[in-house]
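Subject: Structure for you to look at, with notes

Dear colleague,

Please find below the structure that I promised to pass on, together with its sequence. My notes on it come directly after, and I would be glad if you read them with the model open beside you.

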Amino acid sequence: MLIFTHHALKRMRERGISKKQVATTIQHSESAHKENDNITVFIRKFDSNTLEVVTEVNDTKIIIITLYWI
């Protein structure tokens, strides 16, 4: 289950990122790395932009903390 924080939803609106792009990045990431026990960053390229999605992952849900184009 994906849960979006208010911060993440605000950043999505500001940066023109859709929920579908976020879900695709998490489900079909080109790479991912753990920042610590619970924080994972998923990365996927869309055309000429690369999306990074910072998440908190636990057993039953993935909380979207923030996201940005790099």
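What follows is a description of the strands, the helices, the core and a few side-chain pairs.

Please keep in mind that this is a predicted model, in which local features need pLDDT of at least 70 and side-chain atom pairs count only at pLDDT 80 or more, while totals for chains, interfaces and linings use all residues. Residues are numbered from 1 along each chain as its sequence is written, and side-chain values use heavy atoms, with hydrogens and water left out.

I begin with the strands. Helices (H or I, at least four residues) and strands (E, at least two) are DSSP runs, numbered from the N terminus, and two strands are said to pair if DSSP finds at least two bridges between them. Strand S2 (residues 31-34) runs antiparallel to S3 with 4 bridges, and these two strands form a hairpin with 4 residues between them; within this pairing, Ser-31 stands opposite Ile-43 in S3. S4 and S5 are likewise antiparallel, over 7 bridges, and a hairpin of 4 residues joins S4 to S5, with Glu-56 having Ile-63 as its bridge partner in S5. Strand S1 (residues 2-4), by contrast, pairs with S5 in the parallel sense over 3 bridges, and there Phe-4 has Ile-64 as its bridge partner.

In H1, the residues Ala-8, Arg-11 and Met-12 are buried. They lie on the same side of H1, because they cover an arc of only 105° around the axis, the arc being that of the directions from the helix axis to the C-beta atoms. The face of H1 turned away from this buried side carries the exposed residues His-6 and Arg-13, whereas the buried residues pack against S1, H2 and S5. After H1 comes Gly-16, whose phi is positive, near 65°. In helix H2 (residues 19-27), the buried residues are Gln-21, Val-22, Ala-23, Thr-25 and Ile-26, and they pack against S1, helix H1 (6-15), S3, S4 and S5.

A nonpolar core here is a set of buried Ala, Val, Leu, Ile, Met, Phe, Trp, Tyr and Cys residues joined through side-chain atoms within 4.5 Å. The largest such core has 13 residues, and those with the most contacts inside it are Val-22, Ile-26, Val-53, Ile-64 and Leu-67. H1, H2, S3, S4 and S5 each supply at least two residues of this core, and S5 gives the most, with 3 residues. Contact means heavy atoms within 4.5 Å; leaving out residues up to four places away in sequence, Val-22 touches Phe-4, Met-12, Ile-17, Leu-51, Val-53, Ile-64 and Leu-67.

Two other residues are worth a look. Leu-51 lies in strand S4 (residues 49-57) and is buried, with a relative accessible area of 0%.

Finally, the rings. Rings of Phe, Tyr and Trp (its six-membered ring) pair if their centres lie within 6.5 Å, and planes under 30 degrees apart count as stacked, over 60 as edge-to-face and the rest as tilted. The structure holds 1 aromatic pair: the ring centres of Phe-46 and Trp-69 are 6.2 Å apart and the planes are at 85°, so the pair is edge-to-face. This pair links distant parts of the chain, with Phe-46 in strand S3 (residues 39-46) and Trp-69 in strand S5 (residues 62-69), 23 residues apart. Phe-46 is buried, at a relative accessible area of 17%, while Trp-69 is partly exposed, at 26%.

A charge is taken to sit over a ring if NZ of Lys or CZ of Arg is within 6 Å of the ring centre and within 35 degrees of the ring normal. The charged end of Arg-44 sits over the ring of Phe-46, 5.7 Å from its centre, and that of Lys-19 sits over the ring of Phe-4, 5.1 Å from its centre.

With best wishes

Notes
Buried means under 20% relative accessible area, exposed over 50%, partly exposed in between (1.4 Å probe, protein chains only).
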